[in-house]
Amino acid sequence: MRYWLMKSEPDEASIDDLAHAPHRTLPWTGVRNYQARNFMRDTMRVGDGVLFYHSSCPEPGIAGLAHVSSTAYPDPTQFDSKSPYYDAKSTHENPRWMLVDVVFEKKCALIPLAALREHEALADMRVLAKGNRLSITPVTEAEWTFITNHLM
DNA sequence: GCCAACGTTGGC
DNA sequence: GCCAACGTTGGC
C-alpha cells in the first residue's frame, strides 16, 4: 500500500467532478510526463491512497481523498486526434501513455498549499520541493497519516 | 501576465 | 552524448 498526491486542474476535473462521476470514478487522462506515467504504470497498485490536489487555480491545495481503483491501461485520449492530449507518435500496438482509474473517497475543506508549508512534519513532501512540477508525487506513510489525522 | 524551474527536442 | 532553444507547469 502506497500513497500519492495527484494534481488536477479543477476546471478539468475537480473533487466534485470525481464525486459525481459514474461509479465515482475517473480515468486519470492527460498525463504526458514520463516520470508520472511510470508511477502509474509501474508502482501504483489498486487500493493505493490518493491526495486529490487542485492546481493552477485561485486556491491550490488538497481538496479530498481518493484511491487507485484499476491497474494501468492505455490512456484513450492519446489516440483521439480531436483531443488536446492526442499523441501522433503513439500507436495501439505500442501505446506511449498509461493511466489508472481513481475513485472518490471524500471531500475535505481545502488545505491550501500555504498551510501545508507551515508544518514541519511535511517539510520534505515532494510536492512542496522547490521547482517541483510533477503532477503525481509519492507521499510517505508519515505524511499521509499527518495530513489525514491532523489537517482533515 | 510574469517568471523560475524543469522536460523535451533536435542539430551537431 | 552534449547542450541550446524551446515549450510547459504552476504559484504568485
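## Close-up views of a predicted model

**Asp75 and the residues that touch it.** Leaving out residues up to four places away in sequence, Asp75 touches Thr29, Gly30, Val31, Arg32, Trp97, Met98 and Leu99, where contact means heavy atoms within 4.5 Å. The model is predicted, so that local features need pLDDT of at least 70 and side-chain atom pairs count only at pLDDT 80 or more, whereas totals for chains, interfaces and linings use all residues. Residues are numbered from 1 along each chain as its sequence is written, chains are lettered from A and ligands numbered from 1 in the order in which they are written, and side-chain values use heavy atoms, with hydrogens and water left out. Asp75 belongs to the loop between E5 and strand E6 (98-99); helices (H or I, at least four residues) and strands (E, at least two) are DSSP runs, numbered from the N terminus. With a relative accessibility of 1%, Asp75 counts as buried, a word that stands for under 20% relative accessible area, while exposed stands for over 50% and partly exposed for values in between (1.4 Å probe, protein chains only).

**Ser70 in the loop between strands E4 and E5.** The loop that holds Ser70 runs between strand E4 (61-68) and strand E5 (73-74), and Ser70 is buried there, its relative accessible area being 13%. A polar atom of the Ser70 side chain lies 2.8 Å from the backbone nitrogen of Asp101. This is a polar contact, that is, a pair of N or O atoms within 3.5 Å, of which, within protein, one must be able to donate a hydrogen and the other to accept it, and for which residues adjacent in sequence count only if both atoms are side-chain atoms. When neighbours within four places in sequence are set aside, Ser70 is in contact with Asp101 and also with Val46 and Val100.

Of the atoms of DNA strand C that come within 4 Å of the protein, sugar and phosphate account for 74%. Phosphate oxygens of DNA strand C lie 2.8 Å from a side-chain N or O atom of Lys7 and 2.9 Å from a polar side-chain atom of Tyr53. The side chain of Arg133, in turn, has an N or O atom 2.3 Å from a base oxygen of DNA strand C. Sorted by class, the surface near DNA strand C has three nonpolar, two polar and two charged residues, where Ala, Val, Leu, Ile, Met, Phe, Trp, Tyr, Cys and Pro count as nonpolar, Asp, Glu, Lys and Arg as charged, and the others, Gly among them, as polar.

**The surroundings of DNA strand B.** Arg133 is also found around DNA strand B, together with Tyr34, Gln35, Lys130 and Gly131. Sugar or phosphate supplies 74% of the atoms of DNA strand B within 4 Å of the protein, and bases supply the rest. A phosphate oxygen of DNA strand B is 2.6 Å from a polar side-chain atom of Lys130, whereas an N or O atom in the side chain of Arg133 lies 2.5 Å from a base oxygen of DNA strand B. The surface near DNA strand B comprises one nonpolar, two polar and two charged residues.

**Positive phi at Arg24 and Ser56.** Most residues other than glycine have a negative phi. Arg24, however, is not a glycine and has a positive phi of about 50 degrees; Arg24 sits in the loop between helix H1 (15-20) and strand E2 (25-27) and is partly exposed, at 42% relative accessibility. Ser56 likewise has a positive phi, near 50 degrees, and is placed in the loop between strand E3 (49-54) and E4, where Ser56 is exposed, with a relative accessible area of 60%.

**Cys57 and Cys108.** The structure holds zero disulfides, a disulfide being a pair of cysteine sulfur atoms within 2.5 Å. For Cys57 the nearest cysteine sulfur is that of Cys108, 13 Å away, which is too far for a bond. Cys108 is buried, with a relative accessible area of 12%.

**The buried residues of helix H4.** Within H4 (residues 141-150), Glu143, Trp144, Phe146, Ile147 and Thr148 are buried. Their cover includes strand E1 (3-8), E3, E4, strand E7 (101-112), helix H3 (113-116) and strand E8 (136-139).

Methods: A residue is near a molecule or strand if one of its heavy atoms lies within 4 Å of it.
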